[in-house]
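Reader: I want to learn how to read disulfides in a protein model. Please show me the structure.

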Amino acid sequence: MGLFLVLTSGAMAQDASTRVLVPDAPGGSALVAGCYQADRNLYGANRLTFCLERRGSYSVRGQGVRCEGRLDWRASGRDVTIDLRRQSCSGGMAWAAATITCRPRGLIDLILSEIFKNQTQNNERVLVPDHPQVGSLRCTYWPTVPGAPNATFVARRI
């Protein structure tokens, strides 16, 4: 019962032991804390990397811009919500505040990715039963900049 309350509580956040519900993982949950990188560029040639830790952080690099910022995050059930803080960057630029919503990629999603990926890539996944971790998240980036479109991406654990 205690594990259920921890998994479903929205208040549990920014903790290295935070788990999210993953039905096809051993025990039905997996650790979400760690660092991830977006699988594609966002808003031009900008690459996003973020770390879900007690003191969360993010990095955006590209087009001659380097941003290092703070983030807040929380997990509830299968959902992970990340709030990026506005950050001044190099070159007199700034990265606007944004919200990112994510869910762990499920087994079917991973199987389809494996079937359709380039056969020369060797991205084998190994699940260690006593330490299941979320390997990737399917995310939507919700910018605060008026008129900027939402962006979807896969964030892979690094």
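Author: Start with Cys-67 and Cys-89, which a disulfide joins, S to S 1.8 Å. A disulfide is a pair of cysteine sulfur atoms within 2.5 Å. The model is predicted: local features need pLDDT of at least 70, side-chain atom pairs count only at pLDDT 80 or more, and totals for chains, interfaces and linings use all residues. Residues are numbered from 1 along each chain as its sequence is written, and side-chain values use heavy atoms, leaving out hydrogens and water.

Reader: What handedness does the link of Cys-67 and Cys-89 have?

Author: Right-handed, with 105° about the S-S bond. The pair links distant parts of the chain, 22 residues apart: Cys-67 is in strand β6, Cys-89 in the loop between β8 (87-88) and β9 (94-95). Strands (E, at least two residues) are DSSP runs, numbered from the N terminus.

Reader: Are Cys-67 and Cys-89 buried or exposed?

Author: Both are buried. Buried means under 20% relative accessible area, exposed over 50%, partly exposed in between (1.4 Å probe, protein chains only).

Reader: How many disulfides does a search of the whole structure find?

Author: Three. Cys-102 and Cys-139 form one, their sulfur atoms 2.2 Å apart. Cys-102 lies in strand β10 and Cys-139 in strand β11, so the pair ties together parts 37 residues apart in sequence. Cys-102 is buried at 4%, and Cys-139 at 1%. Cys-35 and Cys-51 form another, with sulfur atoms 2.0 Å apart.

Reader: What pattern do the disulfides follow?

Author: Count bonded cysteines along the chain: the pattern is 1-2, 3-4, 5-6.

Methods
Helix = DSSP H or I, 4+ residues; strand = E, 2+ residues; numbered from the N terminus.
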